[in-house]
Structure formats: structure tokens, C-alpha cells
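This report looks at two topics in the structure shown below. It begins with the nonpolar cores and then turns to the salt bridges.

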Amino acid sequence: MNSEFLSTIAIIALFAPLAGFVSTLLLKKWTKNAHYAEMFFIGVNVVAAGTLLVMTAGDLHTLHIISSFNWIQFPGITFELGFQFDSLSIILLFGVALISFLVHTFSLQYMHGDKRYSRYFAYLGIFTFSMNGIVITNNLLMMYIFWELVGLSSYLLIGFWFEKTSASDAAKKAFIANRFGDFGMLAGILLVFVTFGTFSFDGIKEGLLSGILPFNSGFWLSVMGVLLFCGAIGKSAQFPLHVWLPDAMEGPTPVSALIHAATMVAAGVYMVIKIYFLLSADALLVIAIIGALSALIPATIAFTQYDIKKVLAYSTLSQLGLMVMAIGLGAFGNAFFHLMTHAFFKAGLFLAAGSVIYGMHHEQDIRHMGGLKKYMPKTFLAFAIYTLAISGVPLTSGFMSKDAILNATMIYGSLTGNWIFAVVGFGVTFLTAFYMFRLLFRVFIKGNITGVEHHISHGHKVHESPNVMVVPLLVLAALSLFPFFSFNPLSGENGWLMKGMNFASSAVPDGLRYTFMALAGTSVTGYTESYFEASHHYHYIAMALSLLCALGGFGLAYTVYFKEKVNTETYKAKFRPVYTFLYNKWYFDELYEVIIVKFTLLTSRVLFWFDATVVDGLVNLTAFLTRKVSDLGGLFDKYVVDGFVNFTAMFTGLIGLFMRKLQTGKIQTYVAFIVVSIVLLFFFYARQ
Amino acid sequence: MTEITLYHFLVISSLLFSLGLYAMITRRNSILILMGVELMLNAANINFVAFSHFGNFGASGHLSALVIIVLAAAEAAIALAIVLNIYRTFNTVNADEADKLKE
Amino acid sequence: MTYYSLVFWLFALITVGSAFIVVMSKNLIYSVFSLLLTFFGVAGLYVLLSADFIAIVQLIVYVGGILIVLIFGVMLTGSVLTEGLKTNVTNMLLGSVATGALAGLLILLFTNNNLYPNTQVLTPVPLKDISRLFIVDYLVLFELLGVLLLAALIGAASIGRKEKV
Amino acid sequence: MELTQNLHDLLSLRAELVLTAVILLLLGIELFSKGNKTLLRVVSLTGIGVVLILLFGESSTAQKLFIGSNGVPLMIIEPLGTFAKIIASISALFTILFMGINREDSTMVRREGEFMVLLLCTVLGVFFLSSSYDLILLYTGFELLSISSYALAGYNKRSSQSSEASLKYLVYGAASSAIMIYGISILYGLTGTTNIFIIQAILGSGALSGALLLMAIVFLLAGIAFKISAFPFHFWTPDVYEGAPTHFTAYLSVASKIGGFILLLRLILDLFFRKGFNSEILQPVSDLPWNDILIFISIGSMTIGNLVALWQKNIKRLLAYSSIAHAGYLLAGIAALNSTGLVAVLVYFAFYLLMNMGAFLVVILIKNEIHSEMLEDYNGIGSKLPLYAIALSIFLVSLTGLPPTAGFIGKFYILMALVNADLVLLAFFLFLNSVISLYYYVRVMKHLFISKPEKELGEAKQNVYGGVLTLVLAVPTIIFGIFFTPILRLAEAALKFYLP
């Protein structure tokens with residue numbers, strides 16, 4: 001295979017969306033149809049990525065094309081920019097391109113008539129470009145650069161309707177929450193660089209294998225892993241930075257489908273998979289715990305929400321948590337598998353929700369929906385398939401991938417004796433099935449049918465969306481079925497995707513790995529025999545249990561929302577405190593409001609106060625004292641009489657000190673500062 | 001009476017220097033501030049000449065003193081123009097009343 | 001040596017004392033004329049340091065030039081007749097503490113250093129040496145001063161001139 | 001014989017002579033052609049062009065000039081100084097270009113000739129600061145720069161703000177330069193000379209140390225820190241930057257700063273530290289706490305600059321505080337006291353020229369349209385004047401130090417140098433400060449693009465001349481963020497007599 005040819009295609013795939021972005025913005029002035037430029041280039045992106053996938057499909061897990069060039073050169077240090085194609089990046093590159101293309105198509109209708117129509121497409125282009133960059137890079141530095149670029153473009157897209165305060169607030173929230181994570185990631189990257197002198201994944205791996213550890217300590221290796229993982233906490237909205245994702249639903253729905261379901265949030269997971277080789281057991285445990293929390297908490301919130309997009313957002317959080325947890329348990333292949341299948345059906349779910357919202361004239365509250373199956377049959381069909389997939393019902397892709405993750409939790413349990421992650425996994429499966437079917441029943445089958453009819457009788461048409469929107473839905477629905485991933489509907493492990501993937505290969509020294517990986521040495525396959533044994537042993541048990549949980553969730557939803565045997569209101573009333581707690585999303589926002597916002601305010605106040613006091617305080621005090629001194633000649637009784645008044649004056653003066661600022665505008669005071677500074681500087685340095 | 005040494009001159013120069021700074025800091029009238037500058041420059045000049053004399057450094061200290069005198073004259077010219085301009089715009093020459101620019 | 005000392009103390013008193021009046025006087029005119037005395041005092045000190053030429057330049061430039069400029073400034077800006085040229089002070093405490101500390105520090109540093117304890121009569125620097133240094137060795141400085149004076153002239157004219165609207 | 005040699009040397013100062021000739025020529029034009037504006041501009045721009053060509057021509061040569069009777073040169077033309085001269089000349093070039101746009105006051109246009117003359121005088125001051133090796137000559141150059149600047153700051157005579165700025169600049173400048181010359185006089189007293197090389201030799205012989213020397217150095221530093229507006233001598237900066245005519249503020253923020261920095265570098269490289277490098281790190285000639293002094297001032301400048309900038313509502317004031325912070329970053333590069341640090345400082349300065357000049361240019365352009373410098377009036381500029389708004393954002397992003405802009409590269413190099421020098425704490429502070437600064441730079445962008453204007457903006461429109469100038473500055477800011485090797489080579493070449 002001609003690798004030069006492949007590199008060319010890859011570069012085309014990478015830069016096509018950027019070309020789309022630029023040309024759309026340039027053409028915007030002259031034509032209303034500028035967005036077709038973007039459509040064209042995203043098409044190019046899909047074709048190029050597809051070609052790459054097809055041409056390399058035969059030997060996915062052996063392939064490595066790396067082309068790199070020097071970017072910055074120092075004596076002794078060189079920074080390279082480069083591309084790396086392995087199974088992960090090629091598959092994800094195609095996945096991103098395909099979903100992005102479908103979202104573009106969907107948006108043609110959904111965003112029609114928006115006053116910033118072309119700009120919207122341009123933003124989608126820059127987003128896709130940044131995402132491509134993350135996917136194909138071979139080093140952390142470049143990844144970080146594109147990482148920030150993704151953050152920026154997502155900021156633009158979430159705040160696309162910035163006239164809405166909620167939208168611009170949400171955009172800001174997302175931006176800030178991501179900065180928290182990125183800060184950690186940057187620190188991690190710096191630590192990597194200080195330790196290994198390189199940013200490239202291969203370089204780090206080599207360094208680790210040759211025994212270099214940060215500060216020569218396993219602890220710092222774990223710290224490094226966790227710091228890098230911070231980036232994923234932000235991007236993939238993991239606990240405790242998950243709060244931005246539900247709010248990000250303020251953006252246009254196709255954007256939610258693209259960014260907040262399929263691609264950007266997956267970037268965090270992808271990054272952790274990329275750096276998996278340097279994660280020590282301790283770091284992995286932290287990741288697993290964070291993943292478990294992120295899987296569980298949103299799942300409990302999801303079934304109390306009424307906004308159709310919010311339910312999906314919490315479900316996304318929960319699924320991302322599962323993936324991260326799986327990585328933490330050492331099963332990164334399974335996590336990636338779930339990442340891919342989830343990308344398709346979750347993007348589909350959002351688009352379907354978009355279709356519903358479109359059909360209902362921008363109604364998002366499921367309490368106002370019901371029986372939509374009748375009016376939107378195709379959307380319903382697609383939605384139903386996605387729901388089956390996400391709940392993990394056989395014959396869908398979701399069944400295979402989720403099963404793989406659950407299997408991994410059980411393997412982990414049996415090898416380490418720690419079953420808590422398995423419990424979380426199955427619990428989440430149960431909850432997922434429950435709230436997803438709740439949504440399906442309430443929106444499409446039962447629910448507020450009378451309300452919708454009432455709505456229609458008032459002349460509002462509730463209609464199926466036009467084909468340009470429905471077709472992407474159906475394509476995604478098809479992609480959520482098993483044949484696209486494996487021909488054996490019961491086992492994803494044998495599918496091309498999982499087969500094409502390399503087994504986990506950790507470069508971490510033996511003592512710092514999970515015990516079940518410790519004996520494998522430095523070979524490519526990172527697991528011991530016992531791991532594979534357990535994997536066969538638990539395969540069917542996990543499958544059965546997973547089915548049971550999914551069915552349980554379905555059954556509960558069926559009873560409550562289809563048969564409507566249970567009055568939800570009575571239960572709501574009964575468990576009022578719990579319900580309120582869940583409904584208010586565990587009060588995370590409020591908590592952060594208090595902690596972060598208040599804290600920031602407080603800090604700035606303190607700084608302000610400091611600013612105001614240090615020198616200006618001195619000045620004012622001086623002024624005050626001067627006045628006092630000159631008053632000394634005054635009469636004693638006057639002093640006594642005025643004493644109280646003066647005391648108050650001093651008091652207010654002191655408060656004034658706190659409020660005024662350093663820069664008084666009086667030039668002579670500045671000159672005095674020079675003298676004071678000189679004297680202080682002198683004494684500061686004369687101490688030696 | 002003690003013999004007059006270098007330190008006597010240096011002490012005078014320190015005093016002049018500090019008095020000049022004091023004028024710059026405390027006197028509100030811009031012209032007095034300028035006088036403060038002249039005092040400080042004179043102090044530096046005394047240093048140059050005194051060091052040159054007692055250290056037997058030759059003419060270089062004198063040269064420096066001459067240069068500083070010229071610079072002082074140039075600075076005074078510009079300074080006065082600026083003060084006049086301030087007087088025209090603010091109708092005062094008190095430096096601390098020109099404090100619109102702050103914080 | 002006693003005459004030398006006596007004269008020194010006299011000039012020292014004139015210099016510092018009149019500088020003190022410059023800084024402390026409430027009346028602007030007093031300050032200006034005290035400054036005249038200070039310049040005289042400094043010129044005297046130069047003579048004591050056998051720098052006659054500098055002393056003469058000091059008198060010509062400072063007393064004849066700079067001081068006149070300052071007096072112009074006073075006359076042009078102060079309402080001589082109405083306010084009696086009273087000026088007041090600001091930053092008293094800060095200023096006195098800061099400059100006091102600086103003065104103390106400088107005096108301490110100077111007197112604690114064993115610099116050039118020479119007290120015998122030193123040979124005065126011939127004027128020829130100064131001029132030679134200025135015109136030959138420091139030729140470029142000489143030229144630069146010319147440009148600087150030109151800049152000052154233009155700057156002063158540009159800022160000081162009244163503008164037609 | 002010496003005189004002829006010196007006269008001959010005088011002729012070797014080609015750039016300086018051309019500059020002086022241009023100054024005189026401009027004066028002549030101003031007098032005799034009633035200030036023909038076109039002629040003035042053509043002459044001044046061509047003059048600076050010629051000076052730049054001369055400077056680039058001599059940018060890799062070294063020549064000792066005015067070797068006195070004591071055998072040491074008064075001036076040396078060498079690449080580091082030439083680098084500073086180039087920076088100053090380019091910023092003067094831009095300032096003259098900006099002057100044509102600035103519509104703050106109509107009488108300013110009439111007095112363009114005087115402005116140019118004074119501006120070129122400041123450039124000459126920087127030239128002498130860049131290649132002199134004698135403290136008195138350096139001080140005279142410093143004063144030439146200062147005195148002309150005082151007048152220029154008050155150039156907009158009808159604005160009370162401008163007058164106030166000039167008074168403040170004058171008072172602060174006079175105080176700090178008097179302090180500086182007092183420090184020089186002490187140094188003279190300790191060594192008996194004003195020549196840098198001789199002082200270095202005396203310091204190196206270990207004959208001097210102690211408190212008086214430290215005092216002299218603190219006095220000297222006060223003057224330098226005033227010029228580069230470093231903490232705690234920065235107080236004049238915001239007031240003067242805000243009040244002065246904006247195009248001059250732009251100039252002040254770059255050329256005046258390079259003047260201060262070249263002086264600092266000169267003193268450090270040739271006076272207080274051993275010539276050349278022993279391994280990688282500079283060796284001080286006597287046991288003064290240079291690291292401590294520089295680190296303290298650096299951290300102070302960046303922290304104070306950034307923290308106070310958070311509160312600013314006026315864009316010029318905000319940029320003033322930001323320039324204080326940038327002085328801190330640059331000082332951090334010097335504080336590293338190693339070769340990477342020096343290269344980093346020069347690289348950073350070259351980029352700083354672009355981004356700071358650019359930011360002030362956009363401020364002028366926007367002020368022309370909306371007659372305001374207040375951030376709250378910037379609301380909605382993004383849609384009304386998109387090119388300006390985008391360019392300003394590019395400059396601000398670059399000032400923050402984010403990729404893919406030039407500022408990122410500069411900051412990165414400085415961080416690199418700090419890590420090499422094991423100044424992890426300083427590196428941490430620099431990083432932290434960049435994060436703080438992000439907040440207020442983004443706030444400007446928020447006003448530009450997101451906040452809604454309270455009232456409709458009038459007929460604000462972008463003009464071609466302004467647009468072209470913005471692009472001339474904005475495009476390199478991006479390009480150098482990606483492809484910056486030429487600047488790096490330039491900086492390395494400038495330091496070729498100092499690098500190991």
C-alpha cells in the first residue's frame with residue numbers, strides 16, 4: 001500500500017472542513033448559498049476518510065502511518081507536528097466525518113431561515129476540522145492545540161443563538177468548565193514534556209519502556225495520568241465537571257447531536273485511550289471511579305427531567321461515564337467500541353429529538369407531547385431503534401458494545417474481587433432502559449395525547465419532518481443495528497472493529513500495573529491468561545444479566561408509562577425529597593454557584609481590597625494623621641467634644657481605605673512611591 | 001574644627017537630594033516641583049565634582065557635571081512649557097489637581 | 001585649613017539652609033529667591049572643590065538661565081497680586097518619612113565607607129583638560145547635546161505656544 | 001590625531017547621521033514650505049526607510065568607535081544594539097503612519113512636522129542608548145528620549161487629558177532620571193570612571209562590593225524600571241498611556257520600552273556580568289543578588305499589571321496595565337540569565353512590537369468611528385466594524401499568548417528559558433498570570449462580539465487605509481505564530497557576540 005498516497009488522502013480529510021469554513025465565510029457576502037461550499041467539503045471529508053478506512057480495513061491493527069515534520073527547533077529539543085494512523089484514528093476519523101455529514105444534511109432543513117445560516121455551517125466546518133485534528137495527531141502538543149480549538153468552536157456553536165441569555169450563559173459555562181479541565185491537562189502535558197522531553201505518543205512510550213519515570217517515582221506517573229485525564233473530565237463532561245453538558249443543550253439541536261453526543265465529548269474518551277499506555281493502576285482506578293460516578297449520577301437525574309434534550313444529555317453523560325469506567329478497568333477496546341456505537345445512536349437520538357422539536361414547532365417539554373407515532377411515523381421508527389440500541393437490546397449495536405463493557409466489569413470483579421463497578425454497570429443499564437423507554441412511551445405512544453390533539457385542533461400542524469431530515473435519521477438507525485459492527489449479533493468481540501483493535505498494551509512498569517496485566521511483560525498483548533479465561537467465563541453471564549437489567553428497565557417503564565398502572569404523581573409526592581434532589585440534578589449547579597462563583601467573587605474582592613489598601617491605605621492614613629497632627633494645637637475641650645465625631649470620621653476613613661484604589665491620579669504620590677520603593681528594595685537586598 | 005573631607009560634601013549632596021525629592025512629593029505647585037528637580041540634579045553634580053576632586057579622577061567628573069547642567073536647562077525649558085500648558089487647560093499649576101486620569 | 005573649613009561651613013549652611021527654605025516656604029517668591037541662594041552656595045562648594053569652571057557655568061546657566069525661566073513660570077502662572085503666591089502642601093507625612101529615610105540611609109552609607117580619605121590640597125583640574133575631553137574624547141556627546149537642546153527647543157515651543165483654533 | 005580619528009568615527013554613525021539629517025530636513029520643510037503634509041510624510045518615511053536599510057546593512061557587523069585616551073571605546077556598533085534600533089525605527093515608522101489616521105484633535109494635524117521631528121529625536125535617543133558604552137552618554141541618550149517624549153505626550157494640547165499626561169510624565173520622569181543620575185554619580189565615585197568596560201573590570205577585580213554599590217544599582221534600576229514601566233516604578237504608565245495621543249501611546253509602549261530594555265541588557269551583559277558565557281548561565285561580576293532583584297520586579301510587574309487590568313473600563317488603560325504585565329514577562333526572560341532567555345526576550349519583543357502596535361492602531365481606528373475608548377461603548381463593534389474587531393481580537397489573543405499567534409511563541413520561549421534556568425516558580429507565576437490576563441482580554445472580545453450596544457452605532461465604517469494597516473500588522477501576528485524561524489534567527493544573530 002502506498003503510504004504517501006494515504007498521507008495525502010489523510011491530509012485532504014483533515015483540511016477539507018477547514019477549507020469549507022474559510023470558503024463559506026468568504027462566499028457568505030456574495031451568495032445566500034454559501035453553505036453549499038461547506039456541504040461540498042464535508043462530503044470530501046467523508047469520501048477521503050471512507051477511502052482511508054476501506055483501503056486499510058484489511059490490516060487495521062498493524063497499520064501505522066506517521067508522517068511528521070519539525071515545527072520548532074531548539075538546540076537539543078525538537079517539536080514535531082505529525083499524524084498517526086492506527087485503528088483508533090482511522091475508524092474515528094470516518095465516524096466523525098460521517099456523523100458530521102449527516103448532521104450537516106439534517107441542518108439544511110432544521111436551520112433553514114436562520115439569520116446566520118451560512119455562518120452556522122462555517123462553524124460546523126471549523127468544528128469538524130478541529131475534531132479531525134484531535135483524532136489524527138501523534139503528539140500531545142498538537143492534540144492540546146486542537147483540543148482548545150474544539151473548545152472554541154463548541155463555544156461558538158453552543159452560543160450560536162447568543163441573543164438568548166441562556167444560550168450565551170451556557171456557552172460561557174461550557175467554556176469555563178472546560179478550562180478547568182484543560183488547566184489540568186496542560187499541567188500534565190508539561191509534566192510529560194519535562195519528563196520525557198517529547199510530546200509524541202511514541203516518544204513517551206519509548207521513554208516509559210526504557211524506564212524513565214517522572215521524578216523517578218510511580219506516584220508522579222499516576223499524577224501525570226490523572227492530570228492528563230483532567231482534560232477528559234472537562235471535554236467528556238465527567239463528574240464533577242459534568243454540569244456544562246446539559247446546559248449546552250441551549251445550542252441548536254443538530255449541534256447537540258454532533259458535538260455533545262457523538263464527537264467532542266468522545267474526544268476526551270479518545271484521548272484517555274490514546275494515553276492508556278502510560279496510565280498506572282492507581283491512575284486507572286481514579287479514572288474508573290470518576291467514570292462510575294459519572295455513569296450513575298446522571299442516570300438518576302435523567303428520569304426526572306421533562307426537557308427531551310436534557311434527558312438525552314443526561315443519558316449521554318451516563319454513557320460517557322460507562323466508557324470512561326471501562327477504560328479505568330483496563331478494557332479500552334470495549335470502551336472504544338461503545339464510543340463508536342454510541343456515537344451513531346446518540347447522534348440519531350438527538351437528531352430525532354430535533355425532528356420532534358421541529359415537528360412540534362420548537363416544543364421541548366415532553367409533558368406537552370404524546371402519541372406522536374401517529375404524526376411522525378418515520379421519526380418514531382428511528383427513535384425506537386435508537387432506544388433499543390441504547391438500552392442494550394439484542395440485534396442492536398448497543399447491545400454488543402454495552403455487553404462488552406459489562407463483561408469487562410465482571411472480569412475486573414472476578415480478578416480483583418471488587419464488584420462495585422459491575423454493580424454500577426448493571427444498575428446504569430437498568431436505569432438507562434427505564435428512562436429511555438419512558439421517553440419513548442411518553443413522546444410517541446402514550447403521554448399527553450389530548451394535549452397534542454388540542455394543539456392540533458387549534459390549527460397548529462404537527463407533522464413529519466421533510467425527507468432531508470428524515471433520511472439522516474434512518475441512515476443512523478440502520479447504523480445502530482448489529483451487522484455494521486459484527487455479523488454475530490451476540491458477540492461484538494468478533495466483529496471487524498474489535499478485531500482490528502490492538503489489545504491494551506501498557507508501557508507502565510510491572511509493579512504499577514493492574515495485577516491481571518502485570519505478568520505480560522512488555523509484549524503487545526497486555527493481558528494475562530487469567531484475563532482471557534475470565535473473559536470467556538463471564539461472557540454469557542454478563543450478557544444474560546445485562547439483558548435482564550434492560551428488560552427490567554423496559555418492564556418498569558412499560559408498567560408506568562404504557563399501561564399507566566402507576567400514578568407517577570403519588571410516587572413523586574411520596575418521595576418528594578429524593579425526587580426534588582434528583583430533579584434539581586443533585587444541586588451541582590447550586591453548589592458550584594456557591595463555591596466557584598462566590599469564591600471567585602471573594603477572591604477578587606480580596607485582591608481589590610489588597611489593591612486598595614496597601615499603598616493607598618498608607619496615603620490616606622498619612623493624610624489623616626497629618627490632619628490630626630495639625631489639629632494638635634486645637635483646644636482640649638474641642639478635642640473632647642469632637643472626639644466622637646473624629647472617631648467616626650476615622651472609621652469611615654478606614655472603610656474608605658478599603659474601597660479606594662491604588663492609582664490615586666496624584667502624580668506626587670507616585671513620586672513618593674518611587675522613594676518608598678527604593679528604600680524598601682534596598683533593604684530587601686541589603687540583608688545579605 | 002574638623003578637617004573637611006569628601007564626606008562633608010557627600011552629606012550636603014544627600015541632603016540636597018532628599019530635600020529636592022521632598023519638594024517633588026509634597027509641594028503642590030508645579031514650579032516648586034521643578035525646583036525640586038533642580039535641587040536633585042545639583043546634588044548629583046556635587047557628587048561628581050567632589051568625587052572627581054578627592055579621588056583625583058581628572059576631568060571626567062567635571063565633564064559629567066557640565067553635561068548635567070545642560071540637561072537640566074533643557075529639561076527646565078520643556079517643563080516650563082508643559083506647566084504653562086497645564087495652566088491654560090486647568091487654570092491652576094497645582095500638580096495634584098490634574099488627577100482626572102486615575103485608578 | 002581652618003579658613004578652608006570656615007568657608008566650607010559657610011557655603012554648606014547657605015546651600016542647605018536656603019534649600020530648606022525653598023522646600024518649606026509657603027511663599028513661592030521666597031522659594032525662588034532662596035533657590036538663587038542655593039545655587040550660589042553650590043557654586044561656592046564647586047570653588048572649594050577646585051572646580052572653578054563648573055562654578056562659573058553653574059552661575060551662568062543656573063542663575064542666569066534656569067532660575068530666570070522658573071521666575072518666568074511663576075509670573076506667568078501665578079496670580080501674583082490676588083493670592084500672594086501662597087502654596088500649600090500635600091503628602092506631608094509620607095513625603096517626610098520617605099525622604100527622611102532616604103536621606104538617613106544615604107548619609108549612613110556615605111559616612112560608613114572609607115572612600116578617598118585624602119585631604120591634602122589636590123591639584124585643580126585645568127580647564128584645558130575639560131575642554132579637550134569634551135571636544136575630542138567626547139565629541140559625539142557634544143554633538144548629541146546639540147541635538148538634545150534642539151529637541152528641547154522645539155518641544156518647548158510646540159507645547160508652550162498658544163494655538164490658533 | 002585623536003580628533004581626526006574621532007571625526008572619522010563620527011561619520012561611521014551612518015544611521016544616526018541620516019536620522020539627524022532627516023530631523024533637520026523636516027524642520028526646514030516645516031519652516032519653509034508651511035508644513036506641506038505630503039512632503040513631510042514622504043521625507044520622514046523615506047528617511048526612516050533609509051535608516052532601516054542602513055541598520056539592516058550593519059546588523060551583523062561590530063565596530064568600536066571613539067576609542068579615547070584610556071583605550072576604551074565610547075560606542076560600539078554591534079548587532080544587539082542594532083536590533084533595538086530596528087525595533088525603534090519600525091515603531092516610529094508605524095507611528096507616523098498612524099498619525100495620519102488619528103483624528104483626536106484637528107490642530108494635531110497642523111503640527112505634524114513638529115511631531116515628526118520630536119518623534120525622530122526620541123528614536124535618536126534610543127539609538128544612543130543602544131550603542132553607547134559610557135554612562136554619561138547613555139544618560140544623555142536617555143534624556144533625549146525622555147525630554148522629547150514629555151512634549152509628545154502633551155501633543156494634543158487642547159485635551160486636558162493629554163496635558164495632564166505630559167505633566168505626569170514629566171514629573172515622574174524627571175524624578176526618576178534625577179535619581180538615576182544620582183546613582184550614576186555614586187557609581188562614578190566608587191570607580192572613578194563612567195565607562196562601562198572599566199567599571200566592569202573594577203567590579204570584576206572584586207575591589208568593590210557592599211551597600212553603597214547596591215544603592216547605586218537600585219538607583220540605576222529605578223530609572224530603567226521607569227522606562228520599561230516595571231513594578232514598583234510603573235505608576236505613571238496607565239495615566240500617561242490613557243492621556244497621551246493614542247498613536248504616541250503606541251510608540252511609547254514599544255520604542256520607549258525597548259530603550260529601557262536595551263539599557264538594562266547593556267548594563268547586565270557588559271557591566272554587571274562577565275562578558276561571554278561560562279557554559280550556559282551568565283556569571284555576575286560581583287556577588288549582587290541579581291536573580292532576586294529581577295525575579296522580584298518581574299513577578300511584581302506581571303501580577304500587579306494583570307490584577308489591576310481586570311478592573312479597567314478604558315481600553316487604553318487596560319492596554320497600559322497589560323504593557324506593565326508584559327514588562328514583567330520580558331524581565332522574566334532576562335531573569336533567567338541564560339542564553340535561551342536572552343533570545344526569548346528579543347523574540348518576544350519583536351512580536352510585542354507587532355501585537356501592541358496593532359492593538360493601539362485598532363483603538364485609534366475604532367475611536368475615530370465611535371469617539372470613545374470605553375469598553376462599554378465597544379458593544380456591537382464586531383458586527384459593525386468586523387475587520388477591526390477581528391484584528392483586535394487577534395492582537396489580544398496574541399498578547400494573551402495563545403496559539404496560533406506570535407505571542408504564544410514568545411511566551412513559550414520565555415517559559416522554556418525559565419525552565420532551563422530552574423526558575424520553576426517564576427515560570428509558574430508567568431503561566432498563572434497568562435491565565436489571569438486571558439480574563440480581561442476575553443472581556444474586550446465579549447464587548448466586541450457578544451454584548452449588545454445600548455444605542456445604534458451611527459454611520460461607523462471601516463476605511464481602506466486603516467484596514468490595510470491593520471492587516472499589515474495582524475497577518476504577521478498570525479504568520480509568525482506558525483512560522484517564526486526568521487525572527488528566531490534574527491534574535492540569535494543579534495546576540496551573536498554574547499551567545500556561547
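## The largest nonpolar core

In this predicted model, the largest nonpolar core has 334 residues. The members that touch the most other members are A:I678, B:F9, B:F17, C:L102, D:F219 and D:Y378. Helix α15 of chain D, residues 339-370, supplies the largest share of this core, with 24 residues. Chain C contributes from two domains: domain 1 (3-122) and domain 2 (125-165) both give residues to the core, so the core lies between them.

B:F9 can be followed in more detail. Leaving aside neighbours within four places in sequence, B:F9 is in contact with B:I4, B:I46, B:A50 and B:F54 in chain B. In chain C, B:F9 is in contact with C:Y4, C:F8, C:L45, C:L48 and C:L49.

Another core, of 215 residues, lies apart from the largest one. Its members include A:L221, A:I308, A:A331 and A:A422.

## Salt bridges around D:R317

Side chains of opposite charge can pair when their charged atoms come close. Over all chains, a search of the whole structure finds 14 salt bridges. One of the residues taking part is D:R317, which forms a salt bridge with D:D239; the closest N and O atoms are 2.9 Å apart. D:D239 lies in helix α11 (residues 236-243) of chain D and D:R317 in helix α14 (residues 315-335) of chain D, so the pair ties together parts that are 78 residues apart in sequence.

Are these two partners buried or exposed? D:D239 has a relative accessible area of 0% and D:R317 one of 2%. Buried means under 20%, so D:D239 counts as buried, and so does D:R317.

D:R317 also meets the side chain of D:E242 in a salt bridge, at 2.7 Å from N to O. This pair links distant parts of the chain, with D:E242 in helix α11 and D:R317 in helix α14 of chain D, 75 residues apart. Both D:E242 and D:R317 are buried.

## A further pair and a network

Which residue forms a salt bridge with D:K316? The partner is D:E373, and the closest N and O atoms are 3.5 Å apart. D:K316 lies in helix α14 of chain D, and D:E373 in the loop between α15 and α16 (381-384) of chain D. The two residues are 57 residues apart, and the pair links distant parts of the chain. Both D:K316 and D:E373 are buried.

Salt bridges that share partners also form a network, which joins D:E164, D:K168, D:D239, D:E242 and D:R317.

Note on methods: Residues numbered from 1 in each chain as written. Chains lettered and ligands numbered in written order. Predicted model: local features only at pLDDT ≥ 70, side-chain atom pairs only at ≥ 80, totals over all residues. Heavy atoms only, no water. Core = buried A, V, L, I, M, F, W, Y, C linked by side-chain atoms within 4.5 Å. Buried < 20%, exposed > 50% of the residue type's maximum accessible area, 1.4 Å probe, protein only. Helix = DSSP H or I, 4+ residues; strand = E, 2+ residues; numbered from the N terminus. Domains from an automatic or database assignment. Contact = heavy atoms within 4.5 Å. Salt bridge = Lys/Arg side-chain N within 4 Å of Asp/Glu carboxyl O.
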